[in-house]
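Trainee: I am new to this structure. Could you take me through the model step by step?

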Amino acid sequence: MERCPRCQARLLSREEARGLLVAPDQMGDPADLWRRIAPQVGRSAGLPDTPPVAAGARWRWAAAVATGLVVAATGFWLLHETGGPGYGPSLAGPAERFEIAYVNIGGAPAQTFVYQPQGSDTVFVWAQKTP
């Protein structure tokens, strides 16, 4: 930064930098600052000081109960649907035979891992060098 003209143009001068700093004697009395801040601490940011209406609490409670009922009903429906015919190990038909004769990495035999998700025609093969 000291030798780059573009960087030098973006740097502040010493006087500009000193103008941004505050000296300890310019801060004033900390107790006076606290006296000005303390009354504002207890106030909320523009919110009314009235307590919440009890009807609002009832509506929140009713919404929570309704949500619980919907979640429970959906859970029982899914349990009923997945327990019926068509779901289970027989859903995926018999897998066609997949065979790897050999895998070499860098001219040396490699260790292979084969994964086929159930009900999918996709086959994932991972090969790595044998240690």
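Mentor: Start with a term: two strands pair if DSSP finds at least two bridges between them. Helices (H or I, at least four residues) and strands (E, at least two) are DSSP runs, numbered from the N terminus. This is a predicted model, where local features need pLDDT of at least 70, side-chain atom pairs count only at pLDDT 80 or more, and totals for chains, interfaces and linings use all residues. Residues are numbered from 1 along each chain as its sequence is written, and side-chain values use heavy atoms, with hydrogens and water left out.

Trainee: Which pattern does the protein chain follow along the sequence?

Mentor: The protein chain has four helices and three strands. Read along the sequence, the pattern is α-α-α-α-β-β-β.

Trainee: What is the order of the strands in the open sheet?

Mentor: The open sheet has three strands, with antiparallel pairing. Strand E1 (104-105) and strand E3 (124-129) are the edge strands, as each pairs on one side only. The order is E1-E2-E3.

Trainee: Which residue is the bridge partner of Tyr-115 in E3?

Mentor: Strand E2 covers residues 108-115 and pairs with E3 in the antiparallel sense over six bridges. In this pairing of E2 and E3, Ala-110 stands opposite Lys-129 in E3. The bridge partner of Tyr-115 is Phe-124.

Trainee: Which residue takes a positive phi in the hairpin of E1 and E2?

Mentor: E1 and E2 pair in the antiparallel sense over two bridges. Ile-105 stands opposite Ala-108 in E2. The hairpin has two residues between the strands, and the one with a positive phi near 65° is Gly-106.

Trainee: Is Trp-34 buried or exposed?

Mentor: Trp-34 lies in helix H3, residues 30-41. Buried means under 20% relative accessible area, exposed over 50%, and partly exposed in between (1.4 Å probe, protein chains only). At a relative accessible area of 51%, Trp-34 is exposed.

Trainee: What percentage of the residues count as buried?

Mentor: The protein chain has 131 residues. Those that count as buried make up 2%.
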